[in-house]
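Here is a short report on charged pairs, a hairpin and a loop. Please look over the model first.

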Amino acid sequence: AYGMINYECGFLFEKKLLSLLNQKDQSLLSFYLFDEKNFESINSNEIIFSDWKSESFSINNFSLNTSREKYENDIRLIKENIAAGNTYQVNYTVKGNFNFSGSTSDLFKSLIFNQSAQYSAFINTGEKIILSISPELFFESECRQIKTRPMKGTIKRAYNQPSDENAFRSLSNSEK
């Protein structure tokens, strides 16, 4: 089983953001159950890429759904809101639009070969195919413990003040 929560679902949790919710958006929450025989977990270290001869897919007419001007303005507003203390984190995303033809499994292989993403999934719901390539573990629940592995902007607290200050400087100077 797995669930998907669209970013826009967050609009439901803040009254002042509710007006931003577009009624035409896709489902905000989706849950899927699969028969165990239709699920396979593969360790990416065990994938043999030499068996994969060529990329039998093509992507054409790629474009983003926002202009450079809008993107730069959005980033400026995000920085202003962080500085004002209105938020501490924003997951800003844009959508890519393109024409695709060919093998989705070859596209997935190409993506996992070219990305260092520990958490990847190829999901065929029957209605759509979802390719997820992420270096970040949002959360995992096991034995009543929840684990997270964020990819950027976080660091563990140290055991003493000087080490904490070193960690702070390291994080502050990080390119990410």
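In which helix do Lys-109 and Asp-106 both lie, and how many residues apart are they? Both lie in helix H2, three residues apart, about one turn of the helix. Helices (H or I, at least four residues) and strands (E, at least two) are DSSP runs, numbered from the N terminus.

This is a predicted model, where local features need pLDDT of at least 70, side-chain atom pairs count only at pLDDT 80 or more, and totals for chains, interfaces and linings use all residues. Residues are numbered from 1 along each chain as its sequence is written, and side-chain values use heavy atoms, with hydrogens and water left out.

**Salt bridges.** A salt bridge puts a side-chain nitrogen of Lys or Arg within 4 Å of a carboxyl oxygen of Asp or Glu. The count comes to four. Among them are these:

| Pair | N to O distance |
|---|---|
| Glu-72 and Arg-68 | 3.0 Å |
| Lys-70 and Asp-74 | 2.9 Å |
| Lys-109 and Asp-106 | 3.8 Å |

Lys-70 and Asp-74 sit four residues apart in helix H1. Burial is judged by relative accessible area: buried is under 20%, exposed over 50%, partly exposed in between (1.4 Å probe, protein chains only). Asp-74 is buried at 14%, while Lys-70 is partly exposed at 44%. Asp-106 is buried at 9%; Lys-109 is partly exposed at 32%.

**Loop.** Ser-103 lies between strand S4 (96-102) and helix H2 (104-114). Contact means heavy atoms within 4.5 Å. Beyond its neighbours within four places in sequence, Ser-103 is in contact with Ser-56 and Phe-57.

**Cysteines.** Cys-143 is exposed at 70%, whereas Cys-9 is buried at 4%. The structure holds zero disulfides (cysteine sulfur pairs within 2.5 Å).
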